[in-house]
Amino acid sequence: SASGTPTTGAGPSGGASSGGAAASPAQVRQARKDLARIEGQLAKVTGGIERVHRDMAGAAADYERLVALQAELQALEAQHESLEEAWLETAELLPD
């Protein structure tokens with residue numbers, strides 16, 4: 001899992017940031033719910049990435065299986081990156 005969190009220093013990618021305005025209590029509650037949901041999805045995707053890595057190690061001699069696993073890995077990594085971005089954007093809504 002070398003993909004970690006390479007976006008740490010990046011700013012928001014969308015225009016949905018609060019711009020420093022305080023979020024309402026309802027927005028904060030919703031953001032916390034969203035963060036919990038995203039964190040669950042991140043955990044599931046991370047587990048999938050780890051599983052694919054194990055499967056790839058076990059299929060070292062099976063070229064066709066490796067190709068399929070590589071495609072699955074790329075899809076999981078893209079999903080992980082998207083979830084990380086969503087997490088960062090949602091976390092910006094929470095007060096410090």
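This is a predicted model: local features need pLDDT of at least 70, side-chain atom pairs count only at pLDDT 80 or more; totals for chains, interfaces and linings use all residues.
Residues are numbered from 1 along each chain as its sequence is written, and side-chain values use heavy atoms, with hydrogens and water left out.

User: How many helices and strands does the protein have?
Analyst: Helices (H or I, at least four residues) and strands (E, at least two) are DSSP runs, numbered from the N terminus. On that basis the count is two helices and zero strands.

User: What percentage of the 96 residues is buried?
Analyst: Buried means under 20% relative accessible area, exposed over 50%, and partly exposed in between (1.4 Å probe, protein chains only). Of the 96 residues in the protein, the buried share is 21%.

User: Which residue forms a salt bridge with Asp34?
Analyst: A salt bridge is a side-chain nitrogen of Lys or Arg within 4 Å of a carboxyl oxygen of Asp or Glu. Asp34 is partly exposed, at 22% relative accessible area. At 3.9 Å, N to O, the partner is Arg37.

User: How far apart are the closest N and O atoms of Arg51 and Glu72?
Analyst: Arg51 is partly exposed at 31%, and Glu72 is partly exposed at 30%. Their side chains form a salt bridge, with the closest N and O atoms 2.3 Å apart. The pair links distant parts of the chain, 21 residues apart: Arg51 is in helix H1 and Glu72 in helix H2. The N to O value is 2.3 Å.

User: Which residues are linked with Arg51 in a network of salt bridges?
Analyst: Arg51 also bridges to Asp55, with the closest N and O atoms 3.2 Å apart. Both lie in helix H1, four residues apart, about one turn of the helix. The residues linked with Arg51 in the network are Asp55, Arg65 and Glu72.

User: Which residues form the negative surface patch?
Analyst: Patch residues have over 30% relative accessible area and no salt bridge; like charges are joined within 9 Å, nonpolar side chains (Val, Leu, Ile, Met, Phe, Trp, Tyr) within 5 Å. Glu89, in helix H2, has 32% relative accessibility. Glu92, in the segment after helix H2 (63–91), has 35%. The patch is formed by Glu81, Glu85, Glu89 and Glu92.

Technical notes:
Accessible areas come from the Shrake-Rupley method with a 1.4 Å probe; for residues, only the protein chains shown count as cover. Lys and Arg count as positive and Asp and Glu as negative; His and the chain ends are not counted. The place of a charge is taken as NZ of Lys, CZ of Arg, CG of Asp or CD of Glu.
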